[in-house]
Each structure stands twice: as C-alpha cells, then as structure tokens.
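User: I'm new to reading protein models. Could you walk me through a few features, one by one?

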Amino acid sequence: GINAEYGQIFISPHIHSTPHAPAHTRSLISNKMKSKIENSAVHRKATWYECLNLGVIRLIWYKVIVIAIWSAAVTAIHKYVLPIALESTFITVVNVVISMILAFRTNTAYDRFWEGRRLWGSLYTGARNIGRLIWVNTKEETQKDVMEKKHALLVCVGLIYSIKHHLREEYGFDNVKHLVPHLKLKAKKTTKFYSDEDTDSLINSPNYPSHIKSNCPIDLTQQISTYITHAKEKNHMDVQCYTACLNTLISIVDTISSLERVQTTPLPRAYTLHLEHVLWMYLLMLPFQLLKAYNWWTVLVCGLAAFCFLGIEGMAFEIENPFGYDLNDLKVDQFCDDIRDELEELTAVPPPKVSDWVLPEATLIH
C-alpha cells in the first residue's frame, strides 16, 4: 500500500523510477550528480577560452585602448610639437589615494560576494533539515500522508528556486509554477492599495503575476508552515519535530531577509563615481609624468597601468551583485539544482528503519 507510493512522484519530472527498483533510481541520481561534479569548472583547470571570458579583459579592453591612444598622442605632441612633460610629484601623491580607494572598493565587493555565498550555505542547511524532518520524522499512515509529504517537499524545492528568481528581480509565481503545479496561488485581497474591483480584476486575470511584485518566497514559506501545522494537528509530528520544523523555517526566512539586504544595498553610487573620476584623472595625467623617463615606452607603461587599475575596479563591479547572470557571479542555478537533487534522492525510497540496518544480535562482536 504505502510502499508503492515511494518513488512514483519525483520532484523533477525528468527522472522516472519504479516502486520496486529504488537502488536503480538512486543510481541514476548519483550518476547525474557525479557527472555534474566532473564537469564543474571548480574541479578542473580553466581553459584559455574560459580565462578570457572569466577575466575582466572583456569589460575593460576598450578603456585600455583609449588610454593607450591618449598616451601615444601625448608622446607624439611632446616629441614633435611641444615639450609637455611634467614632474612625477603628482604620481606620488595620487598613488596613495587610489590604492586606498581601490582596496576599500574591492574588499567591500568581495564581502558582499562572500556574504551571499555564506547565506546560500545556510539555505542548503535549512533545506536539508526541513527535508529530513518532514520525510523521516513525520509519521504516515495512508498513501495520502505520503503524497502530502512529497508535495510539501515540492514546495520546499519551489521555495529555493523562487529565492533565486526573487534576488534577480524576476517576480511572480510564473517562474516556479512548473515546480509546484499542485499549488493554486492567488493574489490576496487588500483594500490598502487597490479597490475591490481592481483586486478582483487582478485575481481573475490569467496573467495576474506579471501585474504584482509579489514576494513569492515568503508566500511559499506560508504554504510550508501550513503543512507543518496540518501534520501536527493530525498527530503525525511530535512536539519536538514540530518545534524543529518551525525553527528551521524561521531560519530560512531570516536568510531570505539577509539575502535581500545584500541584493538591495550596493555601495553608494557617489562613492563609485568619485573612484572612477579619480582613477581616470590619474590615468590621463600619467603619460605627462613618464615622458622624460620612458619616451615611446610611455604608451606601453600607461596601457599596463590602465589594465591593472581598471581591472581591479572591473572585478569589484563584477562581483558586487553575486546573484545575477554574470560569469563570475555565484553559481546560484547550480545551488538550486543541487538542493533539488538531494531532496529527490531523499524521497526516492521510504524513510529508513532501524531494522533495515541494525545487525542481528547474533552477529555482534562482544
């Protein structure tokens, strides 16, 4: 009865299983995760093509060319028209200022990047804990109970993906409705911003999610909280499991809020603009300081200086919003897929029983 339900409904529609072959099902999932690890750029050396794409050359090459052309023009004017070389005092003064500003800019950007990764690690922990508590520690008596547990974990997967879309400002339930097709999410009645007629028209509109900037992750946490309360009322959860589920859900909501803080609090624009102004002023004045010492080599030296300074600023710009689609952003899509795969593997077989793995008393060594 109940055992026939395990493995029939998977969180991902592209994996199929039979109720009598859980080992084969788990083998499919394990092979897929192994292939993903082997093909991950984290576990192998980057190719030359990846080095060019993952670096900042694609972001700053045209700026370096502008500085090189400017340096060549200044050098030509100095040699053939009018001596315009200056003393190198300016370099000494501005070097210290630029170094301090660039260091702060880079550290701030990387702090945001690392904070984002740490918070996604917290989501990993929350998803694993709530998945285990629901699947293993929640009792089941009928096939319907098993289906309810599976659907609750479907919502957990939809929650993780909705967080990704929310951080990318892709609002609405359309992004995750293929993961939670059993949910019928509707706009909530309100009189604060809309009249009853306006709200009814939004709810009845087939394209309503595009009209409302909803917080889909919070709505899905409410669905999970509803299931936890439902299981407790049916005495399928004891008090300890119920409390642990709620605390885990609270930590997930806290993580969502922290991720929103990282995403919505960039470095003040006035600061980045001032850095850009000082940096360009320095690079445009640099050729005048190097003419006496380097002559035509000034063009090469200024180009290399532009590559170094603009590259540091470009790296900071690249990673300060770590949840987007840039090549150096966090692999948020992979994070979501990994959590989904783990929950798929969890629900592929019935919850383990002690009798399945405890050795018979006769085989114990005293």
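User: Which residues make the nonpolar surface patch?

Analyst: A patch joins nonpolar side chains (Val, Leu, Ile, Met, Phe, Trp, Tyr) within 5 Å, from residues with over 30% relative accessible area and no salt bridge. Here I57, W61, Y62, I65, I69 and F307 make a patch of about 600 Å². Helix α3 (residues 57–80) gives the most, five residues. This is a predicted model, where local features need pLDDT of at least 70, side-chain atom pairs count only at pLDDT 80 or more, and totals for chains, interfaces and linings use all residues. Residues are numbered from 1 along each chain as its sequence is written, and side-chain values use heavy atoms, leaving out hydrogens and water.

User: Is Y62 buried, partly exposed or exposed?

Analyst: Buried means under 20% relative accessible area, exposed over 50%, and partly exposed in between (1.4 Å probe, protein chains only). Y62 has 42% relative accessibility, so Y62 counts as partly exposed.

User: How many aromatic pairs does the structure hold?

Analyst: Rings of Phe, Tyr and Trp (its six-membered ring) pair if their centres lie within 6.5 Å; planes under 30 degrees apart are stacked, over 60 edge-to-face, and the rest tilted. The structure holds seven such pairs. W61 and Y62 form an edge-to-face one, 5.8 Å centre to centre with 85° between the planes. F104 and Y271 are tilted, because their planes are at 55°, with centres 5.2 Å apart.

User: What sits over the ring of Y325?

Analyst: A charge sits over a ring if NZ of Lys or CZ of Arg is within 6 Å of the ring centre and within 35 degrees of the ring normal. The charged end of R168 does this for Y325, 4.1 Å from the ring centre.

Methods
Patches are made of residues with over 30% relative accessible area and no salt bridge: like charges are joined within 9 Å, nonpolar side chains (Val, Leu, Ile, Met, Phe, Trp, Tyr) within 5 Å. Accessible areas come from the Shrake-Rupley method with a 1.4 Å probe; for residues, only the protein chains shown count as cover. A salt bridge is a side-chain nitrogen of Lys or Arg within 4 Å of a carboxyl oxygen of Asp or Glu. Helices (H or I, at least four residues) and strands (E, at least two) are DSSP runs, numbered from the N terminus.
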